[in-house]
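This briefing concerns a protein and its ligand. Please examine the sequence and the structure shown below before reading on.

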Amino acid sequence: MELWYTEKQTDNYGITAKIRETLVTEKTDFQDLAIVDTVEFGRLLVLDGMVMTTEKDEFVYHEMVAHPALYTHPNPKHVLVVGGGDGGVIREIMKHPDVEKAVLVDIDGKVIEYSKKFLPSIACELDNPRVEVIVNDGYMHIHDHKNTYDVIMVDSTEPVGPAVELFSRGFYQGIYESLKEDGIFVAQTDNPWFKAELIQNVNRDVKEIFPIVRVYCANIPTYPSGLWTFTMGSKKYDPLQVDETKIPDIDTKYYTPRLHKAAFALPKFVEDLCK
Ligand code: SAM
């Protein structure tokens, strides 16, 4: 008998993956959590029925959340990750030796616990001495930490459940105030095929708050539509002004110094969402 995990990406479309084994399923205080072992993409973390990360393609997303901002800011020492309980973005941040402290704030400690247990290749740096892990609402954390961070990365679930507020104008205002005077933030902002309005609204809100706003893309096969966007808001530094020849070649599988600027070249239909 074959077992398949299916994610409905819209009411009328989805993806499905053959499963070897279900490793854990639990209704946490915040969401339905599952980790399954798929034939094609290895172990897969699912929250409220949505693909969060897979062993096979996670590197694309985690590298592209972390490195464009960390190589745009000239001296990022204090970094915050909102969400990101699987640890993948933290792992990428640890590739930057000048970062003195990375704080991870995820609302659900069970995501952290099970990622450490079942996704060791992704969660491997959560116990790094430069990392502080806090179980809390990211919205609360940024309002309690003004003028604190050089870079803030929002690695949240989609705007449902506990993450709804993490796509609001008030949250981006809070991020602005939690950043230092030359800070940069980046958020995952979903896909242009099924969530065009979300991308438009976030872009509008962030442009009202930050002087520099840039959107970039990456290909993530297991995410809805496979085309993913990231929105960067910056108080001072422009990712397109970076001298990519000065970006070191670090241990990555997707991000490169050459890709740093290229990722900001958008397909026309995505560009039109960000006018
Ligand atoms: N890469 C995934 C994506 O793009 O959908 C996100 C993965 S990460 C596991 C998402 C995390 O956001 C989850 O662990 C969830 O608990 C966390 N989260 C959701 N709402 C949150 C909030 N208000 N504060 C902090 N973390 C939150």
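Predicted model: local features only at pLDDT ≥ 70, side-chain atom pairs only at ≥ 80, totals over all residues.

**Make-up of the shell**
- The ligand is surrounded by 25 residues, and the closest are Gln 31, Asp 106, Gly 138, Pro 162 and Tyr 223.
- By residue class, the shell around the ligand comprises 11 nonpolar, 9 polar and 5 charged residues.
- Both domain 1 (3–52) and domain 2 (58–273) contribute to the shell around the ligand, each with at least three residues.

**Polar contacts and burial**
- In the side chain of Asp 137, an N or O atom is 3.2 Å from a nitrogen atom of the ligand.
- Tyr 223, listed above among the closest residues, has a polar side-chain atom 2.8 Å from a nitrogen atom of the ligand.
- Ala 163 takes part through its backbone, where an N or O atom lies 3.5 Å from a nitrogen atom of the ligand.
- The ligand taken alone exposes 590 Å², of which the protein buries 100%.
- The largest cavity is the space taken by the ligand.

**Backbone geometry in two loops**
- Most residues other than glycine have a negative phi.
- Ser 225 is placed in the loop between strand S11 (212–219) and strand S12 (227–234).

Note on methods: Residues numbered from 1 in each chain as written. Heavy atoms only, no water. Near = heavy atom within 4 Å. Polar contact = N/O pair within 3.5 Å; in protein donor to acceptor, adjacent residues only side chain to side chain. Areas by Shrake-Rupley, 256 points an atom, 1.4 Å probe, with all protein chains shown as cover. 1 Å grid on protein atoms, 1.4 Å probe; cavity = no way out; pocket = protein on both sides within 12 Å on 5 of 7 lines; lining within 4 Å. Sits in = over half its atoms within 2 Å of the grid points. Nonpolar A, V, L, I, M, F, W, Y, C, P; charged D, E, K, R; others polar. Domains from an automatic or database assignment. Helix = DSSP H or I, 4+ residues; strand = E, 2+ residues; numbered from the N terminus.
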